[in-house]
Amino acid sequence: MIKRLCLIAAATMLWTGGVAADDTEMEAKYRAYQEAIQATQRCDKREFTPAEQNALGEEINFAIDGTIGAGKRLTIVEEAKKSMNDLIFRRGCEDPDVQARLMLFESELAPSLHGN
């Protein structure tokens, strides 16, 4: 129960804390997922195979209901990479914000990788 509450709090923080001023709800969700992927790559030193990248992309597209266009997605991905890299450089992987993104990855994205 406590773990679930922590995950909910982390997800809420991600969708509100890392949100650009003009992000829609789905754009904020997409940004949080991209930051979670970046944190996992940097902190866990994880490289995703093409099949895993496809699985993550499908999971995220399903979660955002395909509501964000390609141009906006690319912008969000690049912003998420930069902000997460900056955060990890300044505060490290043990920072609570980074840990929240790692938990988001494990709880919502990692299950899509099983079988890949």
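Reader: Fine, and what kind of model is it?

Author: This is a predicted model, in which local features need pLDDT of at least 70 and side-chain atom pairs count only at pLDDT 80 or more, while totals for chains, interfaces and linings use all residues. Residues are numbered from 1 along each chain as its sequence is written, and side-chain values use heavy atoms, with hydrogens and water left out.

Reader: How many helices and strands does the protein have?

Author: The protein has 5 helices and 0 strands, and its pattern along the sequence reads α-α-α-α-α. Here helices (H or I, at least four residues) and strands (E, at least two) are DSSP runs, numbered from the N terminus.

Reader: And how much of the protein is buried?

Author: Of its 116 residues, 38% count as buried, where buried means under 20% relative accessible area, exposed means over 50% and partly exposed lies in between, with a 1.4 Å probe and protein chains only. As for contacts (heavy atoms within 4.5 Å), 72% of those between residues at least 6 apart in sequence join residues at least 24 apart.

Reader: Which residues have the most contacts inside the largest nonpolar core?

Author: They are Y30, I37, L56, F105 and L109, in a core of 19 residues. The elements that give two or more residues to this core are α2 (25-43), α3 (50-63), α4 (70-91) and α5 (96-109), and α2 provides the largest share, with 5 residues. A nonpolar core is a set of buried Ala, Val, Leu, Ile, Met, Phe, Trp, Tyr and Cys residues joined through side-chain atoms within 4.5 Å. In soluble globular proteins, nonpolar side chains tend to be buried together.

Reader: What does F105 touch?

Author: Leaving out neighbours within four places in sequence, F105 is in contact with A36, I37, T40, R46, F48, L56, A110, P111 and L113. F105 counts as buried because its relative accessibility is 0%. A110, one of those partners, sits in the segment after α5 and is buried too, with a relative accessible area of 11%. The C-alpha atoms of A110 and L56 are separated by 8.0 Å, although the two residues are 54 residues apart along the chain.

Reader: Going back to rings, how many aromatic pairs are there?

Author: The structure holds 1 aromatic pair. The ring centres of F48 and F105 are 5.7 Å apart and their planes are at 35°, so the pair is tilted. For such a pair, rings of Phe, Tyr and Trp (its six-membered ring) must have centres within 6.5 Å, and planes under 30 degrees apart count as stacked, over 60 as edge-to-face and the rest as tilted.

Reader: Where do F48 and F105 lie?

Author: F48 lies in the loop between α2 and α3 and F105 in helix α5, so the pair ties together parts that are 57 residues apart in sequence. F48 is buried, at a relative accessible area of 8%.

Reader: Changing topic, which residues lie nearest the centre of the largest pocket?

Author: Q34, I37, Q53, L56 and I60 lie nearest its centre, among 15 lining residues. By class the lining has 7 nonpolar, 6 polar and 2 charged residues, and α2, α3 and α4 each supply at least two residues of it.

Reader: Last one, is Q38 buried or exposed?

Author: Q38, in helix α2, is buried, with a relative accessible area of 9%. Not counting residues up to four places away in sequence, Q38 touches K81, M84 and N85.

Technical notes. On a 1 Å grid over the protein atoms alone, a cavity is a set of points where a 1.4 Å probe fits but cannot get out, and a pocket is an open set with protein on both sides within 12 Å along at least five of seven lines; lining residues have an atom within 4 Å of a point. Ala, Val, Leu, Ile, Met, Phe, Trp, Tyr, Cys and Pro count as nonpolar, Asp, Glu, Lys and Arg as charged, and the others, Gly among them, as polar.
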